[in-house]
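Here is a short tour for a first look. Keep the model open beside the text.

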Amino acid sequence: MPLSPQGEAFVEEVDHLAGEVWDENTVTLAMAVVPNDKKARNIKRLANALFGTGVLICLLMAVVLVLNTFPGGVFGLRFFVEPTDAMAPVIARGDMLVTLNRAPERIGPGDVITYYALPGQPDSRLTRMVHERTGSGNRIYFRTRRPEAGAEHDSLEIPAAQVLGVRVAVLPRAGFVLSFLHTHAWAIAVLAAALCIAAVLLRKWIRPHVRKKKVIVHEEQALF
């Protein structure tokens with residue numbers, strides 16, 4: 001049934017008022033949601049970055065603790081910081097050398113070994129490339145040399161018993177990092193704890209803002 005002129009005018013007035021209300025709510029919601037949402041995202045990213053950095057530092061400190069607790073190695077692996085450039089460019093000063101125990105019969109020319117030049121004296125530890133292996137059984141010896149092409153072999157013969165391991169990996173500059181962590185262990189542990197605590201506090205702080213955003217979005221949807 002068609003509406004009377006008065007009815008049509010009333011409906012138009014209601015539609016006009018409803019449009020004004022919706023436009024006002026839309027503007028209010030946009031102004032309330034967008035800044036809070038952007039701010040919350042940025043703070044959440046910062047919290048994640050702080051927490052990730054703190055966890056990474058804790059992992060590095062755990063590595064330092066393991067190395068100090070097991071100086072003889074873990075599962076046959078040993079870790080040494082190269083103190084000189086004698087093995088450059090194969091191993092540079094400050095690199096971390098990872099070695100593995102290997103039977104003397106399986107060590108040959110070209111292998112890089114770490115050994116004590118003087119029996120039982122850690123200060124005499126050297127890393128060199130095997131030039132040749134001599135002997136057999138319990139009397140195996142190694143002559144070593146530097147990695148430069150044409151380098152002469154060292155005069156000493158190294159008994160197999162003095163070999164600490166054969167190179168399996170080199171971690172560039174990792175020795176500098178771990179040495180720094182070992183020297184400043186307490187200060188770095190406090191820093192890692194502070195970063196993790198700051199990340200937790202930031203996440204707790206943005207939680208109400210995230211809830212407010214959800215409530216506003218829900219109210220916006222209810223207007224349809």
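Predicted model: local features only at pLDDT ≥ 70, side-chain atom pairs only at ≥ 80, totals over all residues.

Seven bridges tie strand 4 (residues 125-136) to strand 5 (residues 139-145). The two run antiparallel.

Seven strands form it, in the order 1-2-7-3-4-5-6. The sheet is open and its pairing is antiparallel. At the edges lie strand 1 (77-81) and strand 6 (158-159), each of which pairs on one side only. In general, strands of a sheet pair through backbone hydrogen bonds, either parallel or antiparallel.

| Strand | Residues |
|---|---|
| Strand 1 | 77-81 |
| Strand 3 | 112-116 |
| Strand 4 | 125-136 |
| Strand 5 | 139-145 |
| Strand 6 | 158-159 |

Now step back to the whole chain. The protein has three helices and seven strands. From the N terminus on, the elements run α-β-β-β-β-β-β-β-α-α.

Next, zoom in on one residue of the sheet. Thr-114 is found in strand 3 (residues 112-116). Is Thr-114 buried or exposed? Thr-114 is buried, because its relative accessible area is 0%, and the cut-off for buried is under 20%.

In helix 2 (residues 174-183), Ala-174, Gly-175, Leu-178 and Leu-181 are buried. Seen down the helix axis, the buried residues of helix 2 fall within an arc of 130°, so they line one face of the helix. The general rule behind such a pattern is simple: an α-helix has 3.6 residues a turn, so residues three or four places apart point the same way.

Ring contacts come next. The charged end of Arg-203 sits over the ring of Phe-51, 5.5 Å from its centre. A search of the whole structure for aromatic pairs finds zero.

Of the 224 residues, 26% count as buried. The accessible surface comes to about 14800 Å². Carbon and sulfur atoms account for 63% of that surface. Among contacts between residues at least 6 apart in sequence, 57% join residues at least 24 apart.

Technical notes:
Residues numbered from 1 in each chain as written. Heavy atoms only, no water. Helix = DSSP H or I, 4+ residues; strand = E, 2+ residues; numbered from the N terminus. Buried < 20%, exposed > 50% of the residue type's maximum accessible area, 1.4 Å probe, protein only. Arc of directions from axis to C-beta. Contact = heavy atoms within 4.5 Å. Areas by Shrake-Rupley, 256 points an atom, 1.4 Å probe, with all protein chains shown as cover. Phe/Tyr/Trp six-rings, centres within 6.5 Å; stacked < 30°, edge-to-face > 60°. Lys NZ or Arg CZ within 6 Å of the ring centre and 35° of its normal. Pairing = 2+ DSSP bridges.
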